[in-house]
Amino acid sequence: MEWKRGASLSKMKVTLSALDTFESSFTPLVVIELAQDVKDETKEWLKNRITMRKKDGGAQLLFRPLLNKYEKETVENQNLYLVGASNIRLLLGAEAVGLVKECNDNTMRAFTYGTRHNFKGFDDNNDDFLTMAERQFIIKHELENLRARDEKMIPGYPQAKLYPGKSLLRRLLTSGIVIQVFPLHDNEALKKLEDSWYTGFSLKYQPIDGIRGYFGETIALYFGFLEYFTFALIPMAVIGLPYYLFVWEDYDKYVLFASFNLVWSTVILEAWKRSCAGMAYRWGTLVMKRQFEEPRPGFHGVLGVNSVTGREEPLYPSYKRQLRVYLVSLPFVCLCLYFSLYIMMIYFDLEAWALGVHENSGSEWTSVLLYVPSIIYAVVIEILNRLYRYAAEFLTSWENHRLESAYQNHLILKVLVFNFLNCFASLFYIAFVLKDMKLLRQSLATLLIMSQVLNQVVESLLPYWLQRKHHVQVKKRVQALKADIDATLYEQVILEKEMGTYLGTFDDYLELLLQFGYVSLFSCVYPLAAAFAVLNNFTEVNSDALKMCRVFKRPFAEPSASIGVWQLAFETMSVISVVTNCALIGMSPQVDALFPESKTDLVLIVVAVEHALLALKFILAFAIHDKPQHIQLKLARLEFESLEALKQQQMKLVAENLKEEGGKEKEGGLN
């Protein structure tokens with residue numbers, strides 16, 4: 001089997017030049033919505049750039065309006081356009097983006113059009129070789145890589161400046177000419193996925209490969225992690241239940257439970273890395289080459305030349321960004337943290353007031369009143385988290401980070417610090433300042449349960465109800481049309497364009513991280529937390545699936561090989577849990593009674609145990625390899641073959657150069 005990229009590239013040029021980009025009927029994959037007042041010359045220019053041949057600077061895709069000119073006379077004018085591509089164009093695009101597919105010899109290799117018959121499941125007469133998510137990802141890649149050549153501005157919009165190499169789609173979006181670009185649902189494939197995923201509410205494994213085929217690797221990894229984490233919580237829930245029922249006040253007996261918790265948290269996170277590596281290898285993202293990251297759409301600066309790429313792009317001094325981070329963002333975050341602590345102290349005042357009322361009255365009504373401050377505080381925490389999230393997004397965007405990865409890292413850091421303090425500060429204060437274990441249990445239970453209920457309602461149930469109402473309105477509007485149009489496609493596009501945009505897995509991972517904190521940080525005080533988390537996650541799987549399929553627009557697939565920075569966040573939380581659990585056990589009356597004379601000995605023993613458990617955690621993390629042995633071997637083999645291919649290519653070039661020099665010397669001798 002030969003893997004000659006040069007041959008495939010020449011084949012690509014020949015095939016691309018022969019592609020027809022003016023097919024009147026094609027399967028729409030992506031929708032582009034323009035603003036209502038966009039000028040005709042702008043529409044024509046955009047159409048030409050999308051359908052133009054690659055060698056002329058176009059994307060060579062298929063493009064048509066949702067409604068033709070006769071249909072627009074009887075239907076409200078919608079600036080909606082459909083984008084698709086022929087099967088050959090998609091295959092060539094798969095090579096361009098570096099998609100990795102399984103070969104007939106069971107290895108994973110980067111797909112090339114010239115060697116397409118060497119890949120498992122490929123057939124020239126079969127259009128199912130690429131998944132729907134991969135096809136839409138290719139379309140998105142081609143649209144984003146439409147770049148300005150010699151244009152100085154977008155036709156019809158002199159204020160929308162262009163320069164060579166600027167992404168046209170990003171300029172159109174930031175100028176408000178393009179409202180949105182989104183992939184269409186495939187209703188038949190979606191129905192099949194729903195039937196195997198969440199309809200019926202039965203306990204079953206999720207169709208992770210099916211989710212990946214429809215939504216892409218990033219979302220599939222989230223649902224894979226959610227399922228894995230839920231099943232990993234079951235041992236904690238099973239062991240925690242008898243502790244809750246029989247040894248509630250004997251904190252010294254929680255030593256074994258807390259120790260198991262610490263080992264458990266390490267093992268599940270390390271085992272997840274192995275499971276994740278297996279999925280990523282099977283999907284091809286583990287060996288997918290990382291592409292050079294382009295500037296994010298919101299990045300702005302003075303036009304200059306990038307010293308790495310040599311292309312013109314906005315440049316922004318890093319010292320200005322650092323000044324914004326340290327002189328504005330950091331003080332603002334500290335101010336928000338102070339405000340969060342101030343709200344926490346108000347909560348404790350309410351707790352003291354409710355306790356005083358109950359002690360004076362002693363009625364059943366006042367016993368219920370004891371839970372009211374915790375419920376109010378839990379609601380306030382959720383509101384503050386969401387308000388702060390908007391502020392953090394605005395600040396991080398204002399900091400003007402060049403790369404999307406840098407933007408995400410700064411945003412995640414801001415949000416994690418605030419959410420951690422906002423959600424857990426009161427628990428730490430109760431545990432280590434007030435030293436009131438009964439109040440700690442009550443507060444932990446209330447915060448955990450209320451946060452789970454609020455998240456279910458706000459993230460899934462409420463949006464689904466609103467979406468159902470909108471769906472009914474769209475159906476009535478389409479049924480009232482007298483125009484002879486493709487009502488099914490028209491209804492689908494109109495419905496989907498009004499859906500909310502899924503903003504990524506950030507909030508979903510954050511919810512799981514906070515849940516992990518509630519379970520692990522204070523496990524020796526409230527062992528029932530794991531049981532509540534398991535019950536929540538079984539419904540979370542279904543509500544998140546409903547959200548993805550019926551509430552939000554279909555997101556573009558994003559190749560991913562891991563859960564990224566969230567793995568580090570979970571590992572950090574597990575390290576903090578070692579310290580908190582050891583401290584809580586050391587503070588218990590039973591342990592404290594063992595050292596009546598010297599508290600120094602108690603502190604030293606607790607610190608020694610904590611260090612020993614941390615050492616055990618790191619030993620376990622080192623002993624459990626991130627990738628299974630068989631995947632390590634396959635990756636090593638691929639690396640060896642690529643090095644050999646590179647060596648042969650270099651030897652071939654050397655041989656050609658020597659041959660050319662020898663020919664020149666021979667000619668010189670003859671002369």
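Contact means heavy atoms within 4.5 Å. In the chain, residues 24 or more positions apart make up 74% of the contacts with a separation of 6 or more. The model is predicted: local features need pLDDT of at least 70, side-chain atom pairs count only at pLDDT 80 or more, and totals for chains, interfaces and linings use all residues. Residues are numbered from 1 along each chain as its sequence is written, and side-chain values use heavy atoms, with hydrogens and water left out.

**View 1. The largest nonpolar core.** A nonpolar core is a set of buried Ala, Val, Leu, Ile, Met, Phe, Trp, Tyr and Cys residues joined through side-chain atoms within 4.5 Å. Buried stands for under 20% relative accessible area, exposed for over 50%, and partly exposed for values in between (1.4 Å probe, protein chains only). The core has 98 residues, of which W197, I211, F215, F223, L440 and W566 touch the most other members. Helix α9 (residues 217–246) supplies its largest share, 13 residues. Another core, of 53 residues, lies apart from it and includes A35, W45, Y157 and A160.

**View 2. The surroundings of F215.** Leaving aside residues up to four places away in sequence, F215 touches A133, H185, L193, W197, M548, C549, R554, P555 and A557.

**View 3. Packing of helices α4 and α5.** Helices (H or I, at least four residues) and strands (E, at least two) are DSSP runs, numbered from the N terminus. Helix α4 (residues 87–97) packs on helix α5 (residues 132–144) at an angle of about 70 degrees, the axes being 9 Å apart. Axes are lines fitted to C-alpha atoms, for helices over the stretch in contact, and angles run from 0 to 180 degrees between N-to-C directions. The two helices are therefore roughly perpendicular (65 to 115 degrees). R89, L90, G93, A94, A96 and V97 of α4 meet R135, F137, I138, I139, H141 and E142 of α5.

**View 4. The aromatic pair Y222 and Y509.** Rings of Phe, Tyr and Trp (its six-membered ring) pair if their centres lie within 6.5 Å; planes under 30 degrees apart count as stacked, over 60 as edge-to-face and the rest as tilted. Y222 and Y509 are edge-to-face, 5.3 Å centre to centre with 85 degrees between the planes. Y222 lies in helix α9 and Y509 in helix α17 (residues 506–521), so the pair ties together parts 287 residues apart in sequence. Both residues are buried.

**View 5. The aromatic pair F428 and F432.** The ring centres of F428 and F432 are 6.0 Å apart and the planes at 25 degrees, so the pair is stacked. F428 and F432 are 4 residues apart in helix α14 (residues 404–434), about one helical turn. F432 is partly exposed, with a relative accessible area of 27%.

Definitions and conventions: Parallel < 35°, antiparallel > 145°, perpendicular 65-115°, else oblique.
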